[in-house]
Amino acid sequence: MSMQAYGSKDAEYLLIQPVDSHDLAEMGIEIAAIQERVKEPFLLVPVPVASWNDDLSPWPAPPVFGNEAFGDGAKDMLRTILEEVIPQAKAEYALSPDGKLILGGYSLAGLFALWSGHETDAFDGIAAASPSVWFPGFPDYAKQRPIQAKAVYLSLGDKEERTRNPIMRQVGDCIRALYAEYKEIPEVDATLFWNEGNHFRDAGVRTAKAFAWTMEALKSR
């Protein structure tokens with residue numbers, strides 16, 4: 001499997017991010033924004049997603065906007081990241097075995113990152129920028145299965161919950177409740193940051209802020 005990566009060899013932090021074409025178009029902006037915020041070397045590996053609604057969804061759900069339903073490909077995506085992407089990155093880029101591992105993403109990829117943090121303790125940090133925590137069934141799932149990462153970043157645009165869509169306008173209440181749950185776990189360092197604008201504003205910079213905060217939070221861990 002060919003691998004594209006950004007950053008430094010011998011990095012202290014390995015950042016994994018499921019991406020679509022829009023994310024890749026903003027990758028230069030994102031990398032620069034991370035470098036502005038942190039001094040430690042990092043390596044970011046984007047993982048291309050073939051079918052966004054299928055590959056990042058933890059379980060099937062009906063369409064929320066448009067006509068495309070959600071699949072249940074998250075388990076396969078997580079398996080690919082754990083069994084293929086991470087071992088290859090560590091082998092090709094001589095990463096430290098003691099380095100920190102962070103999974104992050106934007107929108108549905110942010111939800112996938114959070115779900116993965118509940119499923120496995122493989123990730124030291126989760127960087128979820130504007131995650132789709134309105135996803136049907138996720139709030140209840142998160143209550144029943146505590147997150148296992150040591151640092152969790154949540155963010156949302158301050159206009160994202162101002163929508164006519166009855167499912168998506170729950171996102172503000174959902175992310176506040178999720179943040180409150182994470183803060184109750186002594187082992188977890190969690191934050192919730194509010195960005196200006198709607199869901200489609202500054203995705204690259206928002207994702208960079210998520211990764212940068214999580215890297216800083218893991219320094220003392």
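E216 is located in helix α8, helices (H or I, at least four residues) and strands (E, at least two) being DSSP runs numbered from the N terminus. The structure is a predicted model, in which local features need pLDDT of at least 70 and side-chain atom pairs count only at pLDDT 80 or more, whereas totals for chains, interfaces and linings use all residues. Residues are numbered from 1 along each chain as its sequence is written, and side-chain values use heavy atoms, with hydrogens and water left out.

With a relative accessibility of 34%, E216 is classed as partly exposed; buried denotes under 20% relative accessible area, exposed over 50%, and partly exposed the range in between (1.4 Å probe, protein chains only). Residues up to four places away in sequence being excluded, E216 touches R37, V38 and E40, where contact means heavy atoms within 4.5 Å. Between E216 and R37 lie 9.3 Å in space, C-alpha to C-alpha, and a separation of 179 residues in sequence.

Helix α2 (residues 27–37) has M27, E30, I31, A33 and I34 as buried residues. These residues lie on the same side of α2, because they cover an arc of only 165° around the axis, the arc being that of the directions from the helix axis to the C-beta atoms. The face turned away from the buried side of α2 carries the exposed residues G28 and E36. Packing partners of the buried residues of α2 are β1 (6–7), β2 (13–19), α1 (21–25), β3 (42–48) and α8.

The largest nonpolar core comprises 53 residues, of which I16, I81, L114, F138 and V152 touch the most other members. Such a core is a set of buried Ala, Val, Leu, Ile, Met, Phe, Trp, Tyr and Cys residues joined through side-chain atoms within 4.5 Å. A second, separate core of 24 residues includes I31, A129, A203 and F211. Apart from neighbours within four places in sequence, L114 is in contact with I126, A128, P131, V133, F138, I147, V152, L154, L178 and Y182.

L114 is one of the buried residues of α5, a helix in which 11 of the 12 residues are buried. The axes of α4 (residues 74–92) and α5 come within 11 Å and cross at roughly 75°, axes being lines fitted to C-alpha atoms, for helices over the stretch in contact, with angles running from 0 to 180 degrees between N-to-C directions. The two helices, α4 and α5, are therefore roughly perpendicular, a term applied from 65 to 115 degrees. Their contact involves A74, K75, M77, L78 and I81 of α4 and F112, W115, S116 and E119 of α5.

In α7, the buried residues are V171, G172, C174, I175, L178 and Y182. An arc of only 160° around the axis places them on the same side of α7. They pack against α5, α6 (138–144), β6 (151–157) and β7 (189–195).

Most residues other than glycine have a negative phi. S107, which is not a glycine, has a positive phi of about 65° and is found in the loop between β4 (100–106) and α5. S107 counts as buried at 16% relative accessibility. D202, likewise a residue other than glycine, has a positive phi near 55°. This residue, D202, is found in the loop between β7 and α8 (203–217) and, at 41% relative accessibility, counts as partly exposed.

Methods:
Angles under 35 degrees count as roughly parallel, over 145 as roughly antiparallel, 65 to 115 as roughly perpendicular and the rest as oblique.
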